[in-house]
Amino acid sequence: MNMLKSVERKLEGLVEGLFGRAFKASVQPVELAHKLAKEMGDHKTLSVSSVYVPNEYEVYLGHDDHEKLSSLGDALKTELANYLTAFARREGWTMVAAPRIELLEDGDLRLGEFGIAARTVTAPSGAEAGLAGSPVGAGLAPDSVIPAGAAPAVASPAAAGAQPSPAQTVLYERSPVAAARYALRGPGVDVELSGAVTVIGRSKRCDVVLTDPNVSRQHAEVRLSSSQAILRDLGSTNGTRVNRRAVTQVVLQPGDRVEVGATELLFERLA
């Protein structure tokens, strides 16, 4: 079930749509996460009762981007693998083994350009399968997706024992338990911010899903650390406001009113 005829086709793949577009700035981890998920969905294989998706990804980067992202070590690979695991769970897709991501340097690529080669590689004999899918919409318990004892191909102490739940889209490993707990509340919304990153938007894949047509598919995100909550606009069409003021990134305070599109959400501290 090789998704590419050969790894050597990586540059041809850039022309054919494997995410070789140029950016003004360097490649960001969150950008890789979204493109890896899109690549996974673009290479589905339909079986009688399952939808198979690739589990091995090679990301080709220019020298400067490779040097920068490689400096993050295995932590970045683990975060990306966790994100793909959660994404596949949500969609009900099947991987034949735990996802594995490699960052490779390609001297032909410039700053901000990258290519992704995706393929399906079965686990070595005796190894646990990393992901077993289920039909879309079916009830799915975490231990039915990743069997006990299974681990990502690249594991870290922070990731061990903390697999993402089916209803989560995880971009990064969870932060250590914070002293404070926060929530977003508004029309039809009452969500505690439990993950390291909470994405707000119109897409059903967001953590906070809004039906407001003025809201972009991925409009904004809230990042939690042990000491603060940071709201960041994700390049939305209509922008993000806090207390009637347009913002691109701001540290939220309890009682702040966050406006996305025509929807107002209240940021509250729970404890």
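The structure is a predicted model, in which local features need pLDDT of at least 70 and side-chain atom pairs count only at pLDDT 80 or more, while totals for chains, interfaces and linings use all residues. Residues are numbered from 1 along each chain as its sequence is written, and side-chain values use heavy atoms, with hydrogens and water left out.

**Exercise 1.** Describe how helix α2 (residues 29-42) packs with helix α4 (residues 74-91).

*Solution.* Two packed helices are described by the angle between their axes and the distance between the axes. For α2 and α4, the angle is about 40° and the axes lie 10 Å apart. That makes α2 oblique to α4, since angles under 35 degrees count as roughly parallel, over 145 as roughly antiparallel, 65 to 115 as roughly perpendicular and the rest as oblique. Next, list the residues in contact (heavy atoms within 4.5 Å): Pro29, Leu32, Ala33, His34, Leu36, Ala37 and Met40 in α2 meet Leu76, Leu80, Tyr83, Leu84, Phe87 and Ala88 in α4. The residues of this contact divide into twelve nonpolar, one polar and no charged.

**Exercise 2.** Are Asn243 and Arg244 buried or exposed, and what are their phi values?

*Solution.* Begin with the place: Asn243 is in the loop between β12 (240-242) and β13 (245-247), and Arg244 lies in the loop between β12 and β13. Phi of Asn243 is near 55°, a positive value in a residue other than glycine, and Arg244, not a glycine either, has a positive phi of about 75°. Then apply the cut-offs, where buried means under 20% relative accessible area, exposed over 50%, and partly exposed in between (1.4 Å probe, protein chains only). Asn243, at 43% relative accessibility, therefore counts as partly exposed, whereas Arg244, at 58%, counts as exposed.

Conventions: Axes are lines fitted to C-alpha atoms, for helices over the stretch in contact, and angles run from 0 to 180 degrees between N-to-C directions. Helices (H or I, at least four residues) and strands (E, at least two) are DSSP runs, numbered from the N terminus. Ala, Val, Leu, Ile, Met, Phe, Trp, Tyr, Cys and Pro count as nonpolar, Asp, Glu, Lys and Arg as charged, and the others, Gly among them, as polar.
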